[in-house]
Amino acid sequence: MLRIEGLHSFYGPIEALSGIDIEVKEGEIVCLIGGNGAGKSTTLMSISGIVRPRMGKIIFNGYEIQRAQPHNIVKMGISHVPEGRRIFPRLTVIENLEMGSFIHKNCDVLNFVFELFPVLKERRRQLGGTLSGGEQQMLAIARALMSKPKLLLLDEPSLGLAPIIVGKIFRVIQELNEQGMTILLVEQNAKAALKLSKRGYVLENGRITLKGSGEELINNPMVKKAYLGES
Amino acid sequence: MFFQQIVNGLTLGGVYALIALGYTMVYGILELINFAHGEIYMLGAYLGIIFLGFFTAIGLTHSNIILALALTFVLSVIFCSAYGFTVEKIAYRPLRNAPRLSPLISAIGVSIFLQNYVMLAQGTTDKVFPHIFGSSGFGLMNARITYIQVFIVATSFVLMIALHLFVVKTKMGKAMRAVAQDKTMASLVGINIDRIISMTFVIGSGLAAIAGLMVAMYYGLVNYFIGYVAGIKAFTAAVLGGIGSIPGAMLGGIVLGLVESFGASYISSEYKDAYAFALLIIILLIKPTGLLGTRSIEK
């Protein structure tokens, strides 16, 4: 479904990605792990068109999208939940969701996302900026689903959240995947992410240093040491 | 006299508010003070003279004045919106990622260009706007209210309500607010940022055109320099209400109009322009974000 070939991207003057290759097949959860500044977020931003790559190809369902505008990439079926959630703070919850379905004339997935996150239905008239961190993360995922994407990019969905909320978010990710959603997940919480994922990539200094199935990576001694805090 | 000044103040304030909306909407989205905005207002007044002159020449003004006026308004709005659209495209869009000073200087450049362009094309002398409403009116509560004043107040309030409903209720209006709050995120939900920015300039310029036309009808005189003073006043109104805030621009415009007309009649009309700026200084000292402004997060 998504294939990245030899991608070089710059974040300001710094080369954040030095030629990475990633593949995501339909129906998979693929996770990207790595330390701070490894280039995980830049990878996602390159896919969604926010960062313009210098070299390389991003192929989505047979189309090269590395030169496309972000709003057109959304129309092709990629939805990006960025790091820090980026809720529109002075729009209400329901308006945030409406913006999520901006590319569609009618939104028929509203009931679906309200079923997924009942708390959003309760809070639908509240301003986005007044929600708690966990609720904002739910809203950010819900908003991304409103465009009916084929591929969902999730950037650090568990960052800064209480463990109980993290569990809930990961359950939703799994549930979405079971319903057929393809997901590319970037996570600091490597253990939880690898458990959930079919395959994973380890990114270091803008290069892929390891790849394999979730299970292989979880048992890899290097991954254990560097990312799972085990010796 | 009190009621008279309320009417005069609302007339002036309505016009200020319409222009201030253009400043505040653009600032809300681009954090740019569009210094060329006052010139769009001036162009609206000139285009009014040109179109109305044309309709008079072909006899339409004589046979059906309402239609002639309506067409004048519509055509001026279309032309000014096209100007606003073009200015954004050639003077601001290429500088979108430049340091913040660059588009500001570009805006001042566009303003100087438009002023001189009109000066060369139309001459430096005042142009007379045809008297249509004349000075006919009616008396109410010891005040004399002219029909043109009624027309200006009614038009500005209807437009303000319409704009408010557009921004609050419609999908494009919500997208406009989303872009103002977070451009990157707005593009990630599929909003075409460039289109929303163009739309903002088109709406703002259209409102300025209507304001220019109404003022030309009110005072009867137009020259190439009116955009400068009106622009500064409306900018003051926008800052007064809290720049970036749409209700703020409306309130700021009305307050400014009232302060000016009360100051002119109760204190001295010599200092008419000074009241506006004195008020601005006072408000900025007490509440730097303006009357309805919110504290913005420094990026």
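Student: Which elements each supply at least two residues of the lining of the second largest cavity?

Tutor: Happy to. This is a predicted model, in which local features need pLDDT of at least 70 and side-chain atom pairs count only at pLDDT 80 or more, while totals for chains, interfaces and linings use all residues. Residues are numbered from 1 along each chain as its sequence is written, chains are lettered from A and ligands numbered from 1 in the order in which they are written, and side-chain values use heavy atoms, with hydrogens and water left out.

The elements you ask about are β6 (78–81) and α6 (133–145) of chain A, together with α8 (183–188) of chain B. Helices here are DSSP runs of H or I with at least four residues, strands are runs of E with at least two, and both are numbered from the N terminus. A cavity is a set of points on a 1 Å grid over the protein atoms alone where a 1.4 Å probe fits but cannot get out, and its lining residues have an atom within 4 Å of a point.

From chain A, the lining takes Ser79(A), His80(A), Val81(A), Ala140(A), Arg143(A) and Ala144(A); from chain B come Met185(B), Leu188(B) and Val189(B). By class that gives six nonpolar, two polar and one charged residues, where Ala, Val, Leu, Ile, Met, Phe, Trp, Tyr, Cys and Pro are nonpolar, Asp, Glu, Lys and Arg are charged, and the others, Gly among them, are polar. The volume is about 30 Å³, taken as the space filled by probe spheres set on the points, with grid points joined across faces, edges and corners.

Now for the chain A side. β6(A) belongs to an open six-stranded sheet with mixed pairing, in the order β6-β7-β8-β3-β9-β10; two strands pair if DSSP finds at least two bridges between them. β6(A) and β10(A) (207–213) stand at the edges with a single partner strand each, so one side of each has no neighbour in the sheet. Further into that order, β3(A) (29–33) and β9(A) (199–204) run parallel over four bridges, with Leu32(A) opposite Tyr201(A).

Helix α7(A) (163–178) touches β3(A), β7(A) and β8(A) (182–186), making about 150° with β8(A). Contact means heavy atoms within 4.5 Å; axes are lines fitted to C-alpha atoms, for helices over the stretch in contact, and angles between N-to-C directions run from 0 to 180 degrees.

On to the meeting of the two chains: 18 residues of chain B are in contact with 23 of chain A. They bury about 2,000 Å² between them, 63% of it on carbon and sulfur atoms. Lys171(B), Gln181(B) and Leu188(B) supply 31% of the area chain B buries against chain A, more than any other three residues. Buried area is the accessible area (1.4 Å probe) that two parts lose on being put together, summed over both.

For comparison, the largest cavity holds about 40 Å³ of space. Its lining includes His37(B), Val87(B) and Phe201(B), and it has four nonpolar, four polar and no charged residues.

Conventions: 1 Å grid on protein atoms, 1.4 Å probe; cavity = no way out; pocket = protein on both sides within 12 Å on 5 of 7 lines; lining within 4 Å.
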